[in-house]
Amino acid sequence: MAKKRIVVTGMGLVSCFGSDIDHFYSKLLEGKSGVAPIEGFPCAEYPTRIAGEVHGFDPSNYMEKKQARRTDPFIRYGIVAGKKALEQGALTGDALAKLDMARCGIIIGSGMGGMNMLYDGITTLESQGFRRLTPFFVPYIITNMAGALLAIDTGFMGPNYSISTACATANYSIHAAAEQILTGRADVMLCGGTEAAINQVGLAGFVAIKALSTRNDEPEKASRPWDTGRDGFVMGEGAGVLLLESLEHALARGAPILAEYLGGAISCDAYHMTDPRPDGKGVAYCIEEALRVAGVPKEDVNYVNAHATATLAGDLCELEALREVFGSHIAHMKVNATKSMIGHTLGAAGGLEAIATIQAIRTGMVHPTINLDNPEPAAEGFDLVPHVAKKHKIKVAISNSFGFGGHNSTLVFAPYTP
């Protein structure tokens, strides 16, 4: 029996470049950096004082004002991104009401959950006592609440849960949502990741493990994937959500089809809490398995949206894995790093990068990797799209995301052909 086909019919995001898909991708194509000094809280004493923050975010068209005021930002980002995906997918009003809600689900994860609510709650507890703690404290810190509240608003009664696999969260969520469609449990799935961890405790936590860049005087140059001058990643925040549908469901309702999801895979390094396997074997296995599931020959892949965080070990391990999987074919591929411009959005990264991947498919343009002035010797033979966007007709694209704990994920996308 032929494998059920899955298509992407909508996308929604919240980012340091705003919440409009076309504007977001135009900034990426221009090679603009969204990294700047942190404005959300005083951090003069921190060794890292820069991030890719979301500014001017207004959820009022998508959330009731009181709820928007109370909820943690990661929830607001996830709800807005999800509803924007429905808008692009022409699933609002009567079209939304006509859906079989039991066959519509949501899998939106978060790597760290309600970090702002957590920090504020602990501060209240220590300064004013437990009686002053808000009753919303627990609901608004747990990672499933973005998807749960989105379901309450949309009426989606199908599969609904959150996944938390650190920086691989959004990719895991998209992979899991596709499985719900493949196994016949759902026709429509909203999926991706959301994150808002740029606060005192979030920043301090990553400072403590010496994971962050300290290039505070040149924030726009701080995120430097594959460059010999890289000194750690830059925190980002936001949300990226895809609307997935079975092809037959999308065609039946005349949905806009943006790209096709061909398959994906997940794996674990089983090696270390925070470091990747130096030989990249866990990543290589994940990529090979994703291509096997997708039924795609390696030679058809000509674009990779890499995880590429600008950490010393991680960047090289991913290149090693790509070289192991694709061999000499790397000469025919474009490989770029979205995080060079928006920073590392943690649990939202895979969602935002899936959107960047699909936009590359749609526009025929791949965005640059900025700040790549002195590539690592390990990058020899790769076209990492330094500095300037390139025209590129994509046949098959993969998007990688990896997370603390050794969690690996690869998604495979392609242009839709009837």
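Helix 10 passes helix 11 in a right-handed crossing. This report, which concerns a predicted model, begins with that helix pair and then turns to two further pairs, to the cysteines, and to several individual residues.

## Helix pairs

Helix 10 covers residues 281-294 and helix 11 covers residues 312-326; their axes come within 8 Å and cross at roughly 45°. Helix 10 is therefore oblique to helix 11. On the side of helix 10, the contact is made by Lys281, Val283, Ala284, Ile287, Glu288 and Leu291. Helix 11 contributes Ala321, Leu322, Glu324, Val325 and Phe326. By residue class, this contact holds eight nonpolar and three charged residues, and no polar ones.

Two other helices, helix 1 and helix 13, form the next pair. The axes of helix 1 (residues 21-30) and helix 13 (residues 349-363) cross at roughly 85° and come within 10 Å. Helix 1 is therefore roughly perpendicular to helix 13. Where these helices meet, helix 1 supplies Ile21, Asp22, Phe24, Tyr25 and Leu28. Their partners in helix 13 are Leu352, Ile355, Ala356, Gln359, Ala360 and Thr363. The residues of this contact divide into eight nonpolar, two polar and one charged.

Helix 13 also takes part in a contact with helix 7, which spans residues 169-182; the axes of helix 7 and helix 13 come within 5 Å and cross at roughly 70°. This angle makes helix 7 roughly perpendicular to helix 13. Ala170, Asn171 and Ile174 of helix 7 meet Gly350, Gly351 and Ala354 of helix 13. Here the residues divide into three nonpolar and three polar, with no charged residue.

| Helix pair | Axes come within | Crossing angle |
|---|---|---|
| Helix 10 and helix 11 | 8 Å | roughly 45° |
| Helix 1 and helix 13 | 10 Å | roughly 85° |
| Helix 7 and helix 13 | 5 Å | roughly 70° |

## Cysteines

How many disulfides does a search of the whole structure find? The search finds zero disulfides. A disulfide requires two cysteine sulfur atoms within 2.5 Å. The closest cysteine sulfur to that of cysteine 16 belongs to cysteine 167 and is 16 Å away, which is too far for a bond. Cysteine 286 is likewise in no disulfide, and the nearest cysteine sulfur, in cysteine 268, is 11 Å away.

Are cysteine 16 and cysteine 286 buried or exposed? Cysteine 16 has a relative accessible area of 16% and is buried. Cysteine 286 also counts as buried, with a relative accessibility of 0%.

## Residues with a positive phi

Most residues other than glycine have a negative phi. With a relative accessible area of 2%, leucine 346 is buried.

Valine 385 also has a positive phi, of about 50°, although it is not a glycine. Its place is in the loop between strand 10 and strand 11. Valine 385 counts as buried at 0% relative accessibility.

Proline 386 lies in the loop between strand 10 (365-366) and strand 11 (390-391). Proline 386 counts as partly exposed because its relative accessibility is 33%. When residues up to four places away in sequence are not counted, proline 386 touches Pro368, Thr369 and Leu372. Proline 386 and asparagine 336 are 50 residues apart along the chain, while their C-alpha atoms are separated by 8.1 Å.

Where does leucine 247 lie? Leucine 247 belongs to helix 9, which covers residues 247-252. Its relative accessible area is 9%, so leucine 247 is buried. Apart from neighbours within four places in sequence, leucine 247 is in contact with Arg5, Val7, Ile257 and Tyr416. The C-alpha atoms of leucine 247 and threonine 9 are separated by 9.6 Å, although these residues are 238 residues apart along the chain.

Technical notes. Residues numbered from 1 in each chain as written. Predicted model: local features only at pLDDT ≥ 70, side-chain atom pairs only at ≥ 80, totals over all residues. Heavy atoms only, no water. Axes fitted to C-alpha atoms, helices over the stretch in contact; angles between N-to-C directions. Helix = DSSP H or I, 4+ residues; strand = E, 2+ residues; numbered from the N terminus. Parallel < 35°, antiparallel > 145°, perpendicular 65-115°, else oblique. Left-handed = near helix turned anticlockwise from the far one by under 90°. Contact = heavy atoms within 4.5 Å. Nonpolar A, V, L, I, M, F, W, Y, C, P; charged D, E, K, R; others polar. Buried < 20%, exposed > 50% of the residue type's maximum accessible area, 1.4 Å probe, protein only.
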